[in-house]
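Subject: Structure for you to look at

Hello,

Here is the structure I promised. Please open it alongside these notes.

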Amino acid sequence: MDSAAGGRGAGLDQERLRRWSRRRDAGRLDDDGPGGLPVHGLLPVERDAIVWLHEHWGEVDKSHRKFAHRGSRLDLVHVSESTVWRVLKAENLLLPGRSPREPQVKAPWPDWVALKPNVIWCYDFTRLLGPDASPSPCSTFVSRKWLASLMSAEETPTHIELGFTAALAAEGLDSLLDTRRLARLRSGEAHPAH
């Protein structure tokens, strides 16, 4: 039985059968190495350009991402950031990286601060979807009690001040307000919502 008849019986495509027959006749039935020669593969000149970038710009750029952009700007090599990283890793070229920062020492709370309600107040802007309204709730830091809200289309220092003024009035701490702010609050310039 010839190979063509055997191929039809096995359900093989005729062209595939001819290719395998030619490989058998040439003694090349062993598997080829992986990869082949892709058209989009990295060229040796591109590898050399990446190594050149590392040698000349390593202390300045300190990043494979910056090397990729520098290579493009210099019209030296146009490759992706990950390609630069893979080439540098394969060549065992370490990037200098950033020097470690000194740990930041947190400033302690001032002596007058007591972690109890009505000592530390904070605010937060929340952007609402819709007609440009942004509520600014004012609450205590410790108890998380909601003191007051102010609806506004803007987020300015004046609106923050009006929110805190409304919170002081709502908590009965009017004595801490000066008379002008209290008059403004009571006249309706700030409309606190509880």
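Predicted model: local features only at pLDDT ≥ 70, side-chain atom pairs only at ≥ 80, totals over all residues.

Residues are numbered from 1 along each chain as its sequence is written, and side-chain values use heavy atoms, without hydrogens and water.

The chain has seven helices and five strands (DSSP runs numbered from the N terminus: H or I, at least four residues; E, at least two). Their order from the N terminus is α-α-α-α-α-β-β-β-β-α-α-β. Of 194 residues, 26% are buried (under 20% relative accessible area, 1.4 Å probe, protein chains only).

Now helix H4, residues 64-73. Its buried residues are His64, Phe67, Ala68, Arg70 and Gly71. They sit on the same side of H4, because they cover an arc of only 165° around the axis (taken from the directions from the helix axis to the C-beta atoms). They pack against H3 (44-61) and H5 (81-90).

The largest nonpolar core has 10 residues, among them Phe67, Ala68, Leu53 and Val84 (buried Ala, Val, Leu, Ile, Met, Phe, Trp, Tyr and Cys joined through side-chain atoms within 4.5 Å). H3, H4 and H5 each supply at least two of its residues. A second, separate core of seven residues includes Leu147 and Leu177.

Beyond four places in sequence, Phe67 contacts residues including Trp57, Asp61 and Leu95 (heavy atoms within 4.5 Å).

After H4 comes Asp75, with a positive phi near 55°.

Best wishes

Key:
Buried < 20%, exposed > 50% of the residue type's maximum accessible area, 1.4 Å probe, protein only.
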